[in-house]
Amino acid sequence: MVNTKVDLCGIQLDNPVMAASGTFGYGYEFAELYDINVLGSFSFKGTTLKPRFGNPTPRIAECSEGLINSIGLQNPGVDKVISEELPKLAECFDKKVMANVGGFSIEEYSEVAKRLGECEQVGWVEVNVSCPNVHHGGLAFGTDPQAAASVVRAVKEVVRKPVIVKLSPNVTDIVSIAVECEKAGADGISLINTLLGMRINLKTKKPVVANKMGGFSGPAVFPVALRMVYQVYENVKIPVVGIGGIRTAEDVIEMMLAGASAVQIGAANLTDPYVCRDIVRDLPEVMKKYGITDLKEIIGGAHNG
């Protein structure tokens with residue numbers, strides 16, 4: 001028998017496989033397809049203080065090894081998430097869920113995090129300081145170490161549950177930002193969010209996405225994500241959640257060897273809604289193939305010599 005259980009900031013997961021925010025809605029849509037309780041957990045759609053319609057359309061551009069999205073944090077606002085979305089989720093998911101928080105000021109981050117952190121279903125608060133799709137917001141916080149740290153300190157003052165900071169790869173030195181977040185009290189780091197990319201329509205000779213640029217995700221970003229997880233793991237003592245281009249159980253193992261305590265599956269959910277379920281199913285056999293009996297024992301294994 002193999003052991004797939006891992007620990008994320010003091011909460012045990014049956015396995016390290018989580019769905020990433022923005023690709024899994026509030027869970028119950030996927031629960032119509034399979035029992036989502038097979039997952040370790042998932043991070044639900046990014047939530048802001050007020051409802052947001054999001055960016056203008058078109059918002060999606062396809063790429064050969066991924067996609068570009070510019071959704072713009074479309075969500076019903078924190079009040080409706082708490083009053084409507086979480087009760088529906090409770091009917092189909094009996095584990096702790098990760099709440100993803102967005103904001104346009106430190107005060108907004110703090111207020112949204114406080115409200116979601118008080119919900120019984122929420123196990124972790126994931127603070128998104130890295131969204132590249134919203135003007136005057138996340139990108140500015142996520143690209144400056146001190147600004148990111150200021151958000152962490154404000155959230156930690158009002159949240160008693162583990163706070164995980166989701167970082168942007170669109171920076172020169174992601175390690176310095178992760179280190180400052182740890183100093184500010186972050187309980188974990190999740191990375192990476194999307195890279196900034198674009199596509200141009202050859203017929204119209206204009207950008208495909210209305211916002212011109214958007215977040216690039218998918219298999220093509222996996223090596224970048226892996227490298228950043230590896231670097232951050234070497235420089236912080238708090239858990240790292242690996243995100244970016246993961247689509248197989250082998251990818252999960254590789255990300256954990258780089259230093260991830262758990263992983264999140266993002267873009268792959270949009271092309272194959274069963275991908276998380278299938279990765280969970282395949283993980284024990286892949287562990288046996290590579291002589292792994294306990295996943296916890298391989299975290300950071302690629303750093304050992």
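Two strands pair if DSSP finds at least two bridges between them, and the strands themselves are DSSP runs (E, at least two residues), just as helices are runs of H or I with at least four, both numbered from the N terminus. With that in hand, here are my notes.

Residues are numbered from 1 along each chain as its sequence is written. This is a predicted model, so to speak: local features need pLDDT of at least 70, side-chain atom pairs count only at pLDDT 80 or more, totals for chains, interfaces and linings use all residues, and side-chain values use heavy atoms, with hydrogens and water left out.

1. **The eight-stranded sheet.** Start here when you open the model. It is an open sheet with parallel pairing, and the strand order is β4-β3-β16-β15-β10-β9-β8-β7. β4 (41–42) and β7 (97–101) sit at the edges with a single partner strand each, so one side of each has no neighbour in the sheet.

2. **Strand β15 and its two partners.** Strand β10 (residues 188–191) runs parallel to β15 and is joined to it by three bridges; here S190 has V241 as its bridge partner. Strand β16 (residues 260–265) also runs parallel to β15, with four bridges between them. V241 turns up again in this pairing, with A262 of β16 as its bridge partner.

3. **Which residues of β15 cover its two faces?** V240 and G242 lie on one side and V241 and I243 on the other, and all of them are buried (under 20% relative accessible area; exposed is over 50% and partly exposed is in between, with a 1.4 Å probe and protein chains only). As background, side chains in a regular strand alternate between the two faces of the sheet.

4. Strand β8 (residues 122–128) and strand β9 (residues 163–166) pair in the parallel sense, over four bridges. If you want a residue pair to click on, N128 stands opposite K166 in β9.

5. **The crossover from β15 to β16.** β15, helix α8 (residues 249–258) and β16 form a right-handed β-α-β unit. Right-handed means that, with the strands pointing away from the viewer, the path from the first strand over the helix to the second runs clockwise.

6. **How do α7 and α8 pack?** Helix α7 (residues 222–235) and α8 meet at an angle of about 30 degrees, and their axes are 8 Å apart. The two helices are therefore roughly parallel to each other. On the α7 side the contact is made by F222, A225, L226, V229, Y230 and Y233, and on the α8 side by D251, E254, M255 and A258. For the conventions: axes are lines fitted to C-alpha atoms, for helices over the stretch in contact, and angles run from 0 to 180 degrees between N-to-C directions. Angles under 35 degrees count as roughly parallel, over 145 as roughly antiparallel, 65 to 115 as roughly perpendicular and the rest as oblique. Contact means heavy atoms within 4.5 Å.

7. **H303.** This residue lies in the segment after α10 (275–289). Leaving aside neighbours within four places in sequence, H303 is in contact with Y230, Y233, E234, L257, A258 and G259. The side chains of H303 and E234 are joined by a polar contact of 3.1 Å (a pair of N or O atoms within 3.5 Å; within protein, one must be able to donate a hydrogen and the other to accept it, and residues adjacent in sequence count only if both atoms are side-chain atoms).

8. **The four-stranded sheet.** This open sheet has antiparallel pairing and the order β5-β6-β14-β11. Its edge strands, β5 (60–63) and β11 (195–197), each pair on one side only. On average, neighbouring strands in this sheet are turned by 35 degrees against each other, direction ignored.

9. Strand β14 (residues 214–217) runs antiparallel to β11, with three bridges joining them. G197 has G214 as its bridge partner in β14, and L195 stands opposite F216. Strand β6 (residues 66–69) is also antiparallel to β14 and joined to it by three bridges, with L67 opposite S217.

10. **G40 and I11: buried or partly exposed?** G40, in the loop between α1 (28–31) and β4, is buried at a relative accessible area of 4%. Not counting residues up to four places away in sequence, G40 touches L13, N15, V17 and K95. I11, in strand β2 (residues 11–13), is partly exposed at 23%. Leaving aside neighbours within four places, I11 is in contact with V6, G123 and W124.
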